[in-house]
Amino acid sequence: MEISGVISAVVIGIVIGVLGRLVVPGRQRIGVLWTIVVGIVAAFIGSGVAAAFDVADTEGVDWIEWLVQIGLAAIGVAALDRARGRH
C-alpha cells in the first residue's frame, strides 16, 4: 500500500468513526481520538470483509463496503463505550 493509500484510509477511517458513533444511540463516554482509532480499524477490517465477499470494487460508490465499515465502527464504539463504562 502506498502512502497516499494509507492517508486516504486514515481520512476515510475518521469519517467512518464519526458515522459509526452517530449510529449508536445515546451518549458515548469515549473521546474523539478513540472514535478516530475505532473508525480507522473498522475501515481496514471492513475493506477486508468486503473484499472477501467480492463487493469491495463495484461501479460507482461502494455502498456495501461503506455499510460494513460503518456497522463495524458502530459495534466498536459501543463495545469500547461499554468497556470504559465499567471502570
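Trainee: Against which helices do the buried residues of H3 pack?

Mentor: In this predicted model, the buried residues of H3 pack against H1 and helix H2 (32–52). The residues of H3 concerned are Glu65, Gln69, Ile70, Ala73, Ala74, Val77, Leu80 and Asp81.

Trainee: Why does Asp81 count as buried?

Mentor: The cut-off for a buried residue is under 20% relative accessible area. Asp81 has 12% relative accessibility, and therefore counts as buried.

Trainee: How do you know that the span of helix H3 agrees with its number of residues?

Mentor: Helix H3 (residues 63–85) has 23 residues, which should span 33 Å at 1.5 Å a residue; the end C-alpha atoms are 32 Å apart, and the two values therefore agree. For H2, with 21 residues, the distance from first C-alpha to last is 30 Å, close to the 30 Å expected.

Trainee: Which residues of H2 are buried, and what covers them?

Mentor: The buried residues of H2 are Thr35, Val38, Gly39, Ile40, Ala42, Ala43, Gly46 and Ala50. Their cover includes H1 and H3.

Trainee: Why is Thr35 called buried?

Mentor: Thr35 has 4% relative accessibility, and so it counts as buried, the limit being under 20%. Leaving aside residues up to four places away in sequence, Thr35 touches Gly17, Val18, Arg21 and Ile30.

Trainee: What makes the approach of Thr35 to Arg21 a polar contact?

Mentor: The side chains of Thr35 and Arg21 make this contact at 2.6 Å. The cut-off is within 3.5 Å for a pair of N or O atoms, one able to donate a hydrogen and the other to accept it.

Trainee: Why does Val6 count as partly exposed?

Mentor: Partly exposed residues fall between the buried limit of under 20% and the exposed limit of over 50%. Val6, in helix H1 (residues 3–23), has 33% relative accessibility and therefore counts as partly exposed.

Notes:
Residues numbered from 1 in each chain as written. Predicted model: local features only at pLDDT ≥ 70, side-chain atom pairs only at ≥ 80, totals over all residues. Heavy atoms only, no water. Helix = DSSP H or I, 4+ residues; strand = E, 2+ residues; numbered from the N terminus. Buried < 20%, exposed > 50% of the residue type's maximum accessible area, 1.4 Å probe, protein only. Expected span 1.5 Å × (residues − 1). Contact = heavy atoms within 4.5 Å.
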